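Please look over the model shown here and work through the questions that come after it.

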Amino acid sequence: MERRSDEQTSCVNEIATNAAQRRRTTASSSSDHFLPFVPYPNLGNTCFLNSSLQFFRAVWNRVGTAIPIDSPCPIFPLLLHPVSDADLASRIRQLPIWRKLVWGEQHDAHEAMHLMLETDHVMHQQCNPLTCFAHKMKEFCALSFYSNLKCTNIGCPWTKNTSPEFALDLSVAIKDSNSLPGLLKVFQKSELLTSSGSYICGQCGSVVRKEMHVKPTAKVFLAHFKRFDERNRKCGKTIKFPRELRVGNVRFAFAAMVQHVGHAKKQGHYVTYVAEDMINHDDSKVLCYDDSHVFETTWSHIASREAYMLAYVRKA
């Protein structure tokens, strides 16, 4: 990953600040919820955490609501402007996630995101759901998965709709398509189930076909690409992702992307790209947050990156 000089970093940090100010003054909702984008220093293999926090911030600034600064949620203070690197380090070290993760080691950004937003975790026991960042993010990013079972016997009318399952994001394998819309189709493709147990027709006993449907029920659509195998080796395949994504009848606009650079889950580096949505032409500007380095790039540049996590926000 190319590094910038202090002079260049100062210049692009000014770009980031100006972009944030423009977004704040043009937001349709109250600006009280706005969390200014700030670079995070790498405190020793904390790029996975830095990228997750920037990912959170990109989503929150488009759909979030005001949270009291004194909220007991342990995640929210990390999104406020730190007084110093030492202050940020202190806040991060106090996170209960280190009971599961090891300080100083590289970790999976997707795993860290889910851990920080796990509202049943001990870190959120003192939180009020109405003022807890994690509770609110899970509310904004809720996805529903519906399964429909149908008998394969043409003369049998048996069908069954299963209870919906809920998740924070759509996590998909990437071997069967080279684009996010294609992977969505593969995920929802019907399949024959094994002829045993509850997977047989409840009326005639024939084989059952299952159809899975993804239904976005909130303001945000999060996607995660399963790039690592059971031995933590990475698939570096490029997956195309659109600036505007359609899921069913709902349209979403690109908000942010986390990229993993490297060849293994617990090695390499994470960076976050955030859409500068004030510009709407084909080569729209995007800001890259690479720890404490920030620089401006373009949509055509990030479209060729190895996306790991994607965030889209529902369009009006």
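The questions below concern a predicted model.

Q: How many helices and how many strands does the protein chain have?
A: The protein chain has 316 residues, and buried residues make up 48% of them. Among the contacts with a separation of 6 or more, 68% are between residues 24 or more positions apart. The secondary structure of the chain comes to 8 helices and 13 strands.

Q: Within what arc do the buried residues of α6 fall, seen down its axis?
A: Helix α6 covers residues 133-140, and its buried residues are Phe133, Ala134, Lys136, Met137 and Phe140. These buried residues line one face of the helix, because seen down the axis of α6 they fall within an arc of 165 degrees.

Q: Are α2 and α6 roughly parallel or roughly perpendicular to each other?
A: The axes of α2 and α6 come within 11 Å and cross at roughly 75 degrees. Angles of 65 to 115 degrees count as roughly perpendicular. The two helices, α2 and α6, are therefore roughly perpendicular to each other.

Q: How many charged residues are in the contact of α2 with α6?
A: On the α2 side the contact is made by Phe56, Val59, Trp60 and Val63, and on the α6 side by Phe133, Lys136, Met137 and Phe140. Lys counts as charged. By class, the contact of α2 with α6 has 7 nonpolar residues, no polar residues and, as charged residues, 1.

Q: At roughly what angle do the axes of α2 and α5 cross?
A: Two packed helices are described by the angle between their axes and the distance between the axes. For α2 and α5, the axes come within 9 Å. The angle makes α2 oblique to α5, and the crossing is right-handed. The axes of α2 and α5 cross at roughly 60 degrees.

Q: How many nonpolar residues does the contact of α2 with α5 have?
A: Helix α2 contributes Phe48, Leu49, Ser51, Ser52, Leu53, Phe55 and Phe56, and helix α5 contributes Ala109, Ala112, Met113 and Met116. The contact of α2 with α5 has no charged residues and 2 polar ones. Its nonpolar residues number 9.

Q: Which helices do the buried residues of α4 pack against?
A: In α4 (residues 85-93) the buried residues are Leu88, Ala89 and Ile92. Seen down the axis of α4, these residues fall within an arc of 100 degrees, so they line one face of the helix. The buried residues of α4 pack against α2 and α3.

Q: Is Asp291 buried or exposed?
A: Asp291 is in the loop between β11 (285-290) and β12 (293-298). Although Asp291 is not a glycine, its phi is positive, at about 55 degrees. Buried means under 20% relative accessible area. With a relative accessible area of 7%, Asp291 is buried.

Q: What is the relative accessible area of Asn45?
A: Asn45 lies in the loop between α1 (6-26) and α2. Phi of Asn45 is near 60 degrees, a positive value in a residue other than glycine. Most residues other than glycine have a negative phi. Asn45 is partly exposed, and its relative accessible area is 36%.

Q: What separates the C-alpha atoms of Thr217 and Ala142, in Å?
A: Thr217 lies in the loop between β6 (208-216) and β7, and is partly exposed, with a relative accessible area of 42%. Not counting residues up to four places away in sequence, Thr217 touches Ala142, Leu143, Ser144 and Arg314. Thr217 and Ala142 are 75 residues apart along the chain, and their C-alpha atoms are separated by 6.0 Å.

Q: Which residues is Lys150 in contact with, leaving aside its neighbours within four places in sequence?
A: Lys150 lies in strand β1 (residues 143-151) and is partly exposed, with a relative accessible area of 41%. The C-alpha atoms of Lys150 and Cys201, 51 residues apart along the chain, are separated by 7.6 Å. Leaving aside those neighbours, Lys150 is in contact with Trp158, Thr159, Val207, Val208 and Arg209.

Terms used:
Residues numbered from 1 in each chain as written. Predicted model: local features only at pLDDT ≥ 70, side-chain atom pairs only at ≥ 80, totals over all residues. Heavy atoms only, no water. Buried < 20%, exposed > 50% of the residue type's maximum accessible area, 1.4 Å probe, protein only. Helix = DSSP H or I, 4+ residues; strand = E, 2+ residues; numbered from the N terminus. Arc of directions from axis to C-beta. Axes fitted to C-alpha atoms, helices over the stretch in contact; angles between N-to-C directions. Parallel < 35°, antiparallel > 145°, perpendicular 65-115°, else oblique. Left-handed = near helix turned anticlockwise from the far one by under 90°. Contact = heavy atoms within 4.5 Å.
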